[in-house]
Number of protein chains: 2
Amino acid sequence: TKWAINQQRHREKVLNMNTMNPNVKRVEYAVRGPIVQRAVQIEKELKEGVKKPFSEVIKANIGDAHAMGQKPITFFRQVVALCAYPDLLEDNKFPDDAKNRARRILQSCGGGSLGAYSASTGIEVIRQDVARYIEKRDGGIPSNPDNIYLSTGASDAIVTMLKLLTSGEGKTRSGVMISIPQYPLYSAALAELAAVQISYYLDEDKCWGLDVSELRRAVEAAREHCKPRALCIINPGNPTGQVQSRQCIEDVIRFAAEERLFLMADEVYQDNVYAEGCQFHSFKKVLFEMGPEYSNTVELASFHSTSKCYMGECGFRGGYMEVINMDPQVKLQLTKLVSVRLCPPIPGQVLLDLVVNPPRPDEPSYERTANLEILAEKAKLTEQIFNTVSGIRCNPVQGAMYTFPRLTLPEKAIAAAKEKGQAPDMFYCMKLLEETGICLVPGSGFGQRDGTHHFRMTILPATEKLKIVLENIRAFHKRFTEEFS
Amino acid sequence: TKWAINQQRHREKVLNMNTMNPNVKRVEYAVRGPIVQRAVQIEKELKEGVKKPFSEVIKANIGDAHAMGQKPITFFRQVVALCAYPDLLEDNKFPDDAKNRARRILQSCGGGSLGAYSASTGIEVIRQDVARYIEKRDGGIPSNPDNIYLSTGASDAIVTMLKLLTSGEGKTRSGVMISIPQYPLYSAALAELAAVQISYYLDEDKCWGLDVSELRRAVEAAREHCKPRALCIINPGNPTGQVQSRQCIEDVIRFAAEERLFLMADEVYQDNVYAEGCQFHSFKKVLFEMGPEYSNTVELASFHSTSKCYMGECGFRGGYMEVINMDPQVKLQLTKLVSVRLCPPIPGQVLLDLVVNPPRPDEPSYERTANLEILAEKAKLTEQIFNTVSGIRCNPVQGAMYTFPRLTLPEKAIAAAKEKGQAPDMFYCMKLLEETGICLVPGSGFGQRDGTHHFRMTILPATEKLKIVLENIRAFHKRFTEEFS
């Protein structure tokens, strides 16, 4: 009977692994993958009194500054509080510059409230402030607020751009070039969109440098099976911490022009530059300095965020994208597309405004934060300690917030990992977590040359804690190597 | 030469209308479409001193309570301010219950800061509070915090669920049933995902009622060309304002069980019920009251948001989804998928916590808001005035925040619209905007039966302003009808 057949079929879910979107299955995001889930479990076990050889889990898997104890910038939070609860504008404990800033923002909000939707591209005065910030950063090269799209963190805008760029089927499918190692948002988004990932390798032996000949090799190989359309660059690098030279950026732009690729520049770590002799150059600035042949033609989207740099305000999910030389019709489509989600969260927009427009030295709330200097010290410390360990070798952390050291693992460990069905560096990181409470992300989650093994660790823990973490990893590595020798 | 060819090709953008994702082209979102863009332009013109027959633009196109002058709930904003700037915890101007709430939330944030990422499914104590809220709402039917996913407004979670549900090619492509008229997020998301939209029509003559025979007609016709997988219901209805009876919900659930459809219940207007004799019944509650044959099998996702109801906090982009009977493996995939975007904005999560867990009557900050009663009056007023106009006929606004009246338009107006390449109700709404400054959304943006014409208007303007709006539309309609007769 129909009823009996229905009953039978009912045992199977409507939405199951066979009927689910197959692209979603292929999505991987190691930064919050199985190792982090195990870390959360261990935290619960510790709370429940389970005995462990450590007293806390240290989540060095993610660049989450506040979770690591970094304090927010007072002025930023004062303005957010004033905007959220405008009765405080009458409170004389708040400095005038914070109040003025809050009043200006509230005047641009519907009904003077953070609770109203904004324009889908973001609040207009904030987009103007972002444009002025970019102009100042780039030595006066003009920035048009109409090219600025505020976003829910940088991830949101990156995925939106990749979505626009994806089309075709089979051999005409869009291909997008991403570095290996990469930040796995890129591979995850490409998997979800069923676009083709074109991998180009950074050169670990040259401090994770980018060589145009490798870009050319990758794009030429890819043309056999897809239509390369975009080139993504993360500078300063995540997970690899390199800072690109001006020359290298010029070479990349020339390559993109020759190969007709849309450039996506992930510049969320633009203030996180530590190494002497290194300097951040925005793709936009270099593009404009190369003259009209390039600055009038090469299509570029650049991304920034409130989550990194000296403020580390990840939880607010603020960000923006600037688009250059975008086809005006495509821009209308982009605006339409972002309007479906109404608008980025207003508190994140407010915070972004403060980041791009902080108090000037002559204003009462001007605050000299040492956050970046402290990070520079930690970058150096990390490199130094790791490079004393036999079997760990790391490049200088020139910028961003991570070290991505290479591990030499004993054959027996690799065999043991294989037996468990794990990548060798996953096996290593899992064991490290169980024995020390330190949570890292295996290099396999970012991509790496076959046969090499790495992990990514953030340098954000407070200096004293970072020293302990580094010492614990050193000791673990020694034990691990002995155990499997 | 290669250079000359490149120059030639350079005139064409890499990302242009031909190379762009064709699914994006098909996306439409009328709530922020061309009419709203023109409204923004007119606002600028007014500011620049251009003379118009009106002094302000009234954006009745969107359910944006604060933009319409509704004030935020004091307690909510106090807690957000305390969380953003915890120094205020020392300030004795804040009530103790607000401070306690802020402390409890901050304890659940990484590093005690809103600036840290949360778990990708949301802060755990907030998910627990949501589960308790649902239990209370549904008369004790249990809710498991593990089934709660916090989101960036409801839109985010709705799109994520539709994404999971989309698979197949050609005749096996996923089909998703949505009402006509519908909220255009659904059609936009399905276009973007290249899923098949299966339209079922609400019965305007029966107060936008939903009839299972119409559902059956639609699903049977659809099986010819796709694989129906999901049924979306908006209750209370947007744009149509109906509130579903308990019986109707039971019928829909039985239909979904028989036809093996995943149920998506958009219940963001669950507190917006005005008409006498109408009551909100959650799909979950009815499902569980139907007994284990249904409650153990029918897969359901239900959505809620901080943007509507009595608080109207759209700008914070808070929301949640509860999933019932979801395949455990699919749930892992869902968790993985949301982790790629890291987490919903923390201020929105905080606000959601306050919405699901407001001060009790015995707490100092308990506040009796009349927002819902005022909305009920405005719902009645709108219906009454519109139904006095010859050529406008509207159903009672039983719930939600909109009226969707039907327009009788003169043949000559329809011809004039055709000449302009516009839908007749777009032509009508554009003319209304230019002459009165009132911004509505044409019915064609939501879908309607061929040959019928409507608009959606929110009932949110303050009562005195709403009266003026209604009178202005009445007068405009008379003029319009005369002009084209």
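Which residues point one way from S7(B), and which the other way? Leu300(B), Ser302(B) and His304(B) point one way, while Ala301(B), Phe303(B) and Ser305(B) point the other way. Keep in mind as you explore that this is a predicted model. Below, we start with this strand of chain B, move on to a sheet in chain A, and finish with a single serine.

**Strand S7 of chain B**

- Strand S7 of chain B covers residues 300-305, and six of its six residues are buried, so the strand is largely enclosed by the rest of the structure.
- The residues on both sides share this setting: Leu300(B), Ser302(B) and His304(B) are buried, and Ala301(B), Phe303(B) and Ser305(B) are buried too.
- Strands of a sheet pair through backbone hydrogen bonds, and they can do so in a parallel or an antiparallel way.
- S7(B) pairs in the parallel sense with strand S6 (residues 262-266) of chain B, over four bridges.
- Within S7(B), Ala301(B) has Met264(B) standing opposite.
- S7(B) also runs antiparallel to strand S8 (residues 318-324) of chain B, and six bridges join the two.
- Ser305(B) has its bridge partner in S8(B), namely Gly319(B).

**The sheet in chain A**

- Now look at chain A, where seven strands form an open sheet with mixed pairing, in the order S2-S8-S7-S6-S5-S3-S4.
- The edges of this sheet are strand S2 (148-152) and strand S4 (196-201) of chain A, each of which pairs on one side only.
- On average, neighbouring strands of the sheet are turned by 25° against each other, with direction ignored.
- Strand S7 (residues 300-305) and strand S8 (residues 318-324) of chain A run antiparallel and are joined by six bridges.
- To find this pairing on screen, look for Phe303(A), whose bridge partner in S8(A) is Met321(A).

**A helix across the strands**

**A closer look at Ser339 of chain B**

- Ser339(B) belongs to helix H13 (residues 328-339) of chain B.
- Is Ser339(B) buried or exposed? Its relative accessibility is 4%, and buried means under 20%, so Ser339(B) counts as buried.
- The side chain of Ser339(B) reaches the backbone oxygen of Lys336(B) at 2.7 Å.
- Leaving aside neighbours within four places in sequence, Ser339(B) is in contact with Ser120(B), and also with Tyr29(A) and Arg32(A).

Terms used
Residues numbered from 1 in each chain as written. Chains lettered and ligands numbered in written order. Predicted model: local features only at pLDDT ≥ 70, side-chain atom pairs only at ≥ 80, totals over all residues. Heavy atoms only, no water. Buried < 20%, exposed > 50% of the residue type's maximum accessible area, 1.4 Å probe, protein only. Pairing = 2+ DSSP bridges. Axes fitted to C-alpha atoms, helices over the stretch in contact; angles between N-to-C directions. Polar contact = N/O pair within 3.5 Å; in protein donor to acceptor, adjacent residues only side chain to side chain. Contact = heavy atoms within 4.5 Å.
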